[in-house]
Every structure is written in structure tokens, then in C-alpha cells.
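Morning, everyone. I have one chain to walk through today, so please take a look at it first.

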Amino acid sequence: MARLTIPLHIRWSDIDGYQHVNNAKMFTLLEEARIAAFWASVPGDARLDAVGGGVDPVHHPAPDRTPGTKILDTGPGSGTNTYIARQEIEYLAPLPYTLRPIEVQLWISHLGGASIDVCYEIPGVDGEPAVRAMTTLVLIDEETERPRRMTPAERASWEPYLDEPVPFRRRR
């Protein structure tokens, strides 16, 4: 399975009274990993371009960027917004504060017409998963505020990261 690994630092403010990452702050860490993996960055920002650079060449040609997973050019004036349609998270073990970066692993479990399911796993102190999560993103046309179809370039860049969905435990 091909996964993207994004190193992130836990901030002291992410920790709660129990000395582990607060549940609400975990969604922020997942958001930061997702942005680092998929959003196009400023050309020349080597730290953010580490995953691969590039934007959708059909809508945003940029000869100074190379193809990669980072092709979502979003935000005011970009033409595309991304809305979160669903998020699910499962905590398997506490994630304590550490000075070392945590390694957020990301992959895609579904590429729809206008949506993408991003899966995450964060190893805990023992190397076993401490957190599993999934986010469904919908690509929105900025002008019409309606879902827009995924471009062939977006689909091609993300297909290598397709794999099974997060194996959430279920209650009966």
C-alpha cells in the first residue's frame, strides 16, 4: 500500500489535562497533514513541496511546478474550495507530547466524481496505531458554490495512493 507520510510537531497547546493530544486538536493535526500532502504550495517553499509539487495543469498551468500529489490549488480566487462532508476518528491509544515529529500516514480510500476520502493513521509510542481517521472532502467550484468534477490530472495524481478504507472498530 502506498502511503504518504507527513511529519508534524505536536505543540504544547495541543496537550490537555491528561497529558496527551486533546481530541479537538487531533482534527487540527489531521488538517495540517492533509494540507501538506495535497494542497499546492508556494513555489520555492522546499519544506511544503517535499511531497511533490504541482497544480492541476488544465486549470492552473505553472511550468515551475512538477506533478505530484500536491495539486489542490484552493482558497479565495483559486476557483476551487474544499468542504469537509464527513469526519470520523477513532482513538486507540493516548498520544503523549513529544519533541520528535509524529508521522501522520495518509492514503485515499475512495475517489468519487467530486469527492475524495482521505484516511489517516498515526502510530503511537509503541509503533501500533494510536489514531485512525477518515475525512470526506468535496471539491467545490468557487463561482457556483456547487460540487465540481475531479479533473483527470487530480485523479491521476491520487490513484497511486488508493487503498482499503480505515479499519474502524465497530460497536454492536
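One term before we start: pLDDT is the predictor's confidence in each residue, on a scale from 0 to 100. We need it here, as this is a predicted model. Averaged over the protein chain, pLDDT comes to 84. Of the residues, 81% reach 70 or more.

Now look at residues 47-67. There the pLDDT is below 50. Beyond near neighbours in sequence, that stretch still has 44 contacts in the model.

Next, the layout. The protein chain holds two helices and five strands. Read from the N terminus, the order is β-α-β-β-β-β-α.

Now the packing. The chain has 172 residues, and 44% of them are buried. Take the contacts between residues at least 6 apart in sequence: 64% of these join residues at least 24 apart.

Isoleucine 6 sits in strand S1. Is isoleucine 6 buried or exposed? Its relative accessibility is 4%, so isoleucine 6 counts as buried; the cut-off for buried is under 20%. Isoleucine 6 also pairs up in space with alanine 37. The two are 31 residues apart in sequence, yet their C-alpha atoms are 7.1 Å apart.

The other one is isoleucine 84, in strand S2, residues 80-91. Isoleucine 84 has a relative accessibility of 42%, so it counts as partly exposed. What does isoleucine 84 touch, leaving out residues up to four places away in sequence? The partners are Arg34, Thr135, Thr136 and Leu137. Isoleucine 84 and leucine 139 are 55 residues apart in sequence. From C-alpha to C-alpha, isoleucine 84 and leucine 139 are 9.2 Å apart.

On to the backbone. Glutamine 19 lies in the loop between strand S1, residues 4-8, and helix H1, residues 23-38. With 48% relative accessibility, glutamine 19 counts as partly exposed.

Glutamate 145 is another residue other than glycine with a positive phi, near 60 degrees. This one is in the loop between strand S5, residues 129-141, and H2. Is glutamate 145 buried or exposed? Its relative accessibility is 58%, so glutamate 145 counts as exposed; the cut-off for exposed is over 50%.

Last stop: the second largest pocket. How much space lies in it? About 190 Å³. Which residues line this pocket? One part of the lining is Leu95, Pro96, Thr98, Arg100, Pro101, Ile102 and Glu103. Pro123, Gly124 and Val125 complete the list. By type, the lining divides into six nonpolar, two polar and two charged residues.

To recap, keep three things in view. Residues 47-67 have pLDDT below 50. Over to you for discussion.

Notes
Residues are numbered from 1 along each chain as its sequence is written. This is a predicted model: local features need pLDDT of at least 70, side-chain atom pairs count only at pLDDT 80 or more; totals for chains, interfaces and linings use all residues. Side-chain values use heavy atoms; hydrogens and water are left out. On a 1 Å grid over the protein atoms alone, a cavity is a set of points where a 1.4 Å probe fits but cannot get out, and a pocket is an open set with protein on both sides within 12 Å along at least five of seven lines; lining residues have an atom within 4 Å of a point. Grid points are joined across faces, edges and corners, and a volume is the space filled by probe spheres set on the points. Ala, Val, Leu, Ile, Met, Phe, Trp, Tyr, Cys and Pro count as nonpolar, Asp, Glu, Lys and Arg as charged, and the others, Gly among them, as polar. Contact means heavy atoms within 4.5 Å. Helices (H or I, at least four residues) and strands (E, at least two) are DSSP runs, numbered from the N terminus. Buried means under 20% relative accessible area, exposed over 50%, partly exposed in between (1.4 Å probe, protein chains only).
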